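User: Hi! Could you walk me through a few of the labels used for this model and how each one is reached?

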Amino acid sequence: FWDQFGRIIVGVLAGIAVIAVLYVFWTRSRATNESAAATRLAEATALFWQGEYARSRDMARQIAEEFGTTRSGADAHRLMGDNAHWTGDFTTAIAEYRIYLQKEKTGLLADAARRSLAYSLESAGQNADAAKEYEGLVGKCDRESSAEFLAASARCHLALGERDAAIKSLRRLLDEFADTSQSTLARIRLAELETAG
């Protein structure tokens, strides 16, 4: 048996050993890259919170370019979007949030990026897309935020001249989130829309 299959067995075992060694090196390299990217991203985030948007943006861009395959590299796009949003560059913010959301589809940060994307879309006058994003966030955050999203959705629909869609958003807010701070203003706005129609 060994004379007939020995070389094949040794070849297979050698192949498995090479694959195992490569996997260990790849895993270590990836962990090292993620650690380096996370450290630099923390610095860029600190700059953002200090109001140094240009420096934060530049550092985040470098992280995204150098460590694009890591989670922190993906998160750098979210941070670039935040920097752009707070400096009024809504077009760039929208693009960066969308890049981030292509890589990170679920989780708390993804929901935060969707929220920021909705605000950027509305600020850029893209009310149809903004309304869709706001409505998609309802129920993913706390009740107060969900009510805020429905109020924002109604605001976007009104900007588009879609009175019925705005009424629908406000009614949903009052039906599902009547206990929130948004409900009083929603009742007033709904009454205005219904009497004007």
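User: Which residues does Thr-180 touch, not counting residues up to four places away in sequence?

Analyst: Thr-180 touches Arg-143, Glu-144, Ala-147 and Leu-173, where contact means heavy atoms within 4.5 Å. A word on the basis: this is a predicted model, where local features need pLDDT of at least 70, side-chain atom pairs count only at pLDDT 80 or more, and totals for chains, interfaces and linings use all residues. Residues are numbered from 1 along each chain as its sequence is written, and side-chain values use heavy atoms, with hydrogens and water left out.

User: What makes Thr-180 buried?

Analyst: Its relative accessible area is 7%. Buried means under 20% relative accessible area, exposed over 50%, and partly exposed in between (1.4 Å probe, protein chains only), so Thr-180 counts as buried.

User: Why does Asp-111 count as buried?

Analyst: Asp-111 has 14% relative accessibility, so that label applies here too. Leaving aside neighbours within four places in sequence, Asp-111 is in contact with Leu-137 and Lys-140.

User: Why is α6 called roughly antiparallel to α7?

Analyst: The axes of α6 (residues 127-137) and α7 (residues 143-159) come within 8 Å and cross at roughly 160 degrees. That makes α6 roughly antiparallel to α7, as angles under 35 degrees count as roughly parallel, over 145 as roughly antiparallel, 65 to 115 as roughly perpendicular and the rest as oblique.

User: Which classes of residue make up the contact of α6 with α7?

Analyst: That contact has eight nonpolar, four polar and two charged residues.

Terms used. Axes fitted to C-alpha atoms, helices over the stretch in contact; angles between N-to-C directions. Helix = DSSP H or I, 4+ residues; strand = E, 2+ residues; numbered from the N terminus. Nonpolar A, V, L, I, M, F, W, Y, C, P; charged D, E, K, R; others polar.
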